[in-house]
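Hi everyone, thanks for coming along. Let me put the model up on the screen, and then I'll walk you through it.

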Amino acid sequence: MNTPVRIADETYCRQRTIAIAGNPNAGKTTLFNALCGTRQKVGNYPGVTVERKTGQTRLPSGETVNIIDLPGCYSLAARSPEEQIAHDVLLGEMEGENAPDLIIVVVDASNLQRNLFLTSQLHDLGIPIIVALNMMDIARERGSEVDPEKLTAALGCAVIPLVARKGEGLDELLAAIESAPCACQLKGGIPRFIDCLPSALEQPVQTLAEGLIKSGLTHETDARGEALWLLVSSLEGDDAVQAPAAAALSRRVRKQYHLSSRQVRAIETSARYRYLKDLMKQTSCLQADLPHRLTNRLDSVLLHRFFGPILFLAVMALVFQSLFSWATPAMDVIESGVSLTGQAIDRLLPDGLFKEMIQQGVVSGVGNVLVFLPQILLLFLFIGFLEDVGYMARAAFLMDRLMSRVGLDGRAFLPLLSSFACAIPGIMATRTIAGRKDRLVTILVAPLMSCSARLPVYTLVIGTVFAAETPVGGIFTVGGLVLMAIYAFSITLGITMAAVFKRTLLKSPPPPLLLELPTYKLPSLKSIGLNLFDRGRLFVNRAGTVILAATVILWAILHIPIHHVDRTRFENARQAVIENSGLDADSRDKALQSIAAAEDADVVEQSLGGHLGKWLEPVIAPLGFDWKIGVGIIASFAAREVFISGLAVVHGVDGADERSPSLRESLRDEKRPGTNTPMYTPLLGLSLLVFFVLACQCLSTVAIARRETSSWFWPAFMVGYMSVLAWVGSFVVYQGGKLLGYS
Amino acid sequence: MDQLPLGSRCRIVAINENSENLLRLMEMGLTPGTELVIEREGPFQSPLSLRLPGCTLAARREDAAGIFVKPLPSVSSGENSDS
């Protein structure tokens with residue numbers, strides 16, 4: 001059969017790809033969500049951690065098109081990784097990605113001139129675009145006048161007015177996409193910026209364009225656009241993006257006219273703005289210049305010199321408190337779910353190593369993953385809300401001076417604060433930081449902030465070695481003061497290390513402040529909800545698998561004996577207890593329990609973990625630690641609070657938590673080997689506390705750092721530097737203390 | 001520009017084009033000829049918030065020192081800062 005499909009042009013059948021570009025805050029993501037709904041997925045661009053959001057939508061004709069949501073950018077002269085991605089995709093330079101067939105530039109109608117800047121740059125390169133004139137309602141309110149038809153005529157491309165938030169104008173936009181042919185060409189004869197360059201640029205651009213055509217490096221039609229782009233963007237030593245031949249040519253031309261690329265960029269930018277001003281005049285567009293009344297009023301409080309910072313701290317306190325306490329009920333539910341599942345498995349499977357692996361490895365591994373979800377979702381609920389209403393930009397504004405003293409971005413504050421609850425959501429939240437190096441510094445120091453999982457360890461150690469309840473100065477207690485000192489120490493070290501990294505390994509100029517303070521607006525629940533869903537799913541898929549695998553491996557290390565454990569000894573002891581008729585049921589149970597605990601302790605001692613602990617002993621002995629603490633430290637990689645149960649198991653204490661008197665007593669009774677002096681002195685306690693403040697014993701943190709940096713180097717470096725720091729810190733405390741005469 | 005008191009209205013005359021930060025601010029709309037109001041400042045005197053027609057931008061005081069402006073009489077700026 002000769003169906004028309006067979007003779008149809010090949011390009012006709014291929015699914016078209018449409019990219020959404022535009023300035024930050026112009027409403028790209030809102031439009032993307034309105035077009036794609038839930039038919040979207042989030043991934044990463046190869047090699048970088050910039051998110052790649054893609055989706056699909058169906059046009060009225062039934063044609064399905066792919067849609068990419070690009071990171072926001074102001075100009076094609078990209079500098080941050082996000083802008084670089086936007087630039088690469090738009091110009092079809094992205095590896096493994098076809099150039100989009102069509103670009104929708106989302107333009108904020110209330111700030112037309114600035115938003116048309118990018119549009120005009122794309123225009124110069126002959127890239128097919130549709131302008132989506134967004135936020136028409138706000139623009140009208142603020143005194144803008146925009147005539148889409150006149151703009152269409154002046155720009156030579158479709159201009160569709162819409163209000164993406166309310167879904168107005170979407171049908172018209174879809175129709176415009178529909179009618180844009182595959183190889184959409186701009187209407188000729190309409191002067192673009194590139195056709196009326198200022199005299200300072202005209203000659204260099206023309207010279208380079210001719211050079212490019214002569215050496216066959218470009219087509220005749222787009223030569224001038226490409227020439228201008230080359231002159232602007234090839235910063236000295238930054239030529240990797242362009243073909244070397246073209247870059248060399250552009251360098252020669254710049255030399256000939258005594259222009260630096262920065263000068264070209266400055267001239268281009270101001271000339272383009274002038275050109276756009278004229279264009280707006282011609283099309284009788286009126287720039288909105290009424291300040292947004294509500295925004296102005298809110299800012300006079302929220303950015304007030306005194307009340308601004310106070311309110312900011314109040315907002316942060318709320319976020320922190322919620323992570324610390326509101327997440328707890330949900331986490332408790334997950335934990336009891338895990339223990340219920342464990343019990344169910346207990347009944348289903350026969351006794352043995354396999355059952356233990358499923359119970360203690362797999363089920364608690366899944367629990368280890370899920371238990372982070374409440375905090376992650378809560379944090380991103382707050383971030384999504386604050387970002388959406390426009391407060392995050394204000395927070396960065398308020399924190400800029402303070403954070404830039406350290407060398408960090410103002411946006412690093414919230415991730416670091418969240419890390420006091422848990423470094424996992426904290427590290428996930430570093431995505432708002434623009435500079436790659438600034439973001440890495442923040443990720444590296446986030447685990448130094450004392451997370452809530454360390455709290456049980458602190459409680460146990462303080463309760464064991466100090467008279468924690470002794471009142472000091474009426475309202476404080478010794479325990480409380482030590483805890484406060486721990487937090488102060490953790491903050492000091494975090495800031496110090498950030499400053500050190502920023503000046504050495506990740507040396508980079510202080511992050512620039514490039515911040516727009518958008519007008520306040522109501523949050524879009526749909527966007528926040530979709531974002532939350534993505535966050536949760538990404539965490540479970542990507543980091544979760546690593547955490548699960550690591551938990552199972554850790555279980556095996558600690559529970560599979562590599563040497564023979566003589567179980568007959570315990571069997572005989574059990575037999576003896578059972579046969580002893582002088583015991584009542586209660587004390588018999590107790591005796592059996594302690595035998596089981598002793599057996600567990602023996603298994604751990606004979607496991608790979610036990611051997612590692614002993615092997616580790618010479619390394620950690622200068623810190624005052626014995627192999628049992630070594631085993632605890634290894635166990636705590638699953639999660640820091642596991643240190644307690646790990647320590648309890650090697651000490652043969654059954655079912656202990658940080659407050660159980662039995663574990664504290666057993667620790668207090670522990671003698672230093674070969675002597676009769678107690679092992680757990682205040683000095684050892686301090687050494688142990690310092691170790692736990694500084695060491696990165698958390699597989700989940702490593703897993704999330706791996707995901708967020710797309711490399712194994714940085715997580716490995718993180719574990720490395722924190723372990724060194726922990727060792728040195730504890731060494732100084734313990735040996736220093738001994739020198740001063742403490743034991 | 002960093003010398004002007006809060007609430008001043010001014011027009012940008014020239015910008016130091018050797019600073020990457022300032023080039024970026026230019027792309028965001030701070031081009032010669034633009035009129036703006038220096039609205040507020042952050043804690044510790046920096047950053048400044050600048051109201052342009054159509055948007056409000058932030059700039060550090062040290063970056064603002066590279067922007068040269070001509071002060072304008074503050075007409076019709078009834079709705080400006082709280083200082």
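Let's begin with chain A, whose secondary structure comes to 32 helices and 10 strands. Helices here are DSSP runs of H or I with at least four residues, strands are runs of E with at least two, and both are numbered from the N terminus. Before I go further, a word on provenance: this is a predicted model, so local features need pLDDT of at least 70 and side-chain atom pairs count only at pLDDT 80 or more, while totals for chains, interfaces and linings use all residues. Residues are numbered from 1 along each chain as its sequence is written, and chains are lettered from A and ligands numbered from 1 in the order in which they are written.

Now the overall picture of chain A. Along the principal axes, its C-alpha atoms fill a box of roughly 105 × 75 × 50 Å. Chain A has 743 residues, and 44% of them are buried. By buried I mean that 20 or more other C-beta atoms lie within 10 Å of the residue's own; exposed is 12 or fewer, partly exposed is in between, and the C-beta atoms are placed from the backbone. If you take contacts in chain A between residues at least 6 apart in sequence, 71% join residues at least 24 apart. A contact means that the two C-beta atoms, placed from the backbone, lie within 7 Å.

How is chain A divided into domains? We have domain 1 (14-179), domain 2 (193-274), domain 3 (291-449) and domain 4 (545-739), with bounds that come from an automatic or database domain assignment. The C-alpha centres of domain 1 and domain 3 of chain A are 31 Å apart. Their contact takes 4 residues from domain 1 of chain A and 4 residues from domain 3 of chain A. On the domain 1 side, those residues divide into 1 nonpolar, 1 polar and 2 charged. For the classes, Ala, Val, Leu, Ile, Met, Phe, Trp, Tyr, Cys and Pro count as nonpolar, Asp, Glu, Lys and Arg as charged, and the others, Gly among them, as polar.

Asn25(A) is not a glycine, yet has a positive phi of about 70 degrees. Asn25(A) sits in the loop between β1 (17-22) and α3 (28-36) of chain A, and counts as buried because 21 C-beta neighbours are inside 10 Å. Met135(A), also not a glycine, has a positive phi of about 60 degrees. Look for Met135(A) in the loop between β6 (129-134) and α6 (136-141) of chain A.

Is Met135(A) buried or exposed? Met135(A) is buried, because there are 28 C-beta neighbours inside 10 Å.

Let's move to a helix pair. Helix α23 (residues 525-559) of chain A packs with α31(A) at an angle of about 145 degrees, and their axes are 9 Å apart. The axes are lines fitted to C-alpha atoms over the stretch in contact, and angles run from 0 to 180 degrees between N-to-C directions. Residues making this contact include Val546(A) and Ile547(A) of α23(A), and Ala703(A) and Ile704(A) of α31(A). By class, the contact of α23(A) with α31(A) has 7 nonpolar, 1 polar and 3 charged residues.

Trp712(A) is exposed, because 11 other C-beta atoms are within 10 Å. Between the C-alpha atoms of Trp712(A) and Trp727(A), 15 residues apart along the chain, the separation is 22 Å.

On to chain B, which has 2 helices and 5 strands, running β-α-β-β-β-α-β from the N terminus on. Of its 83 residues, 52% count as buried. The peptide bond from Ser46(B) to Pro47(B) is cis, with omega near -10 degrees, and Pro47(B) lies in the loop between β2 (35-41) and β3 (48-52) of chain B.

Finally, how do the chains meet? The contact takes 30 residues from chain B and 37 residues from chain A.
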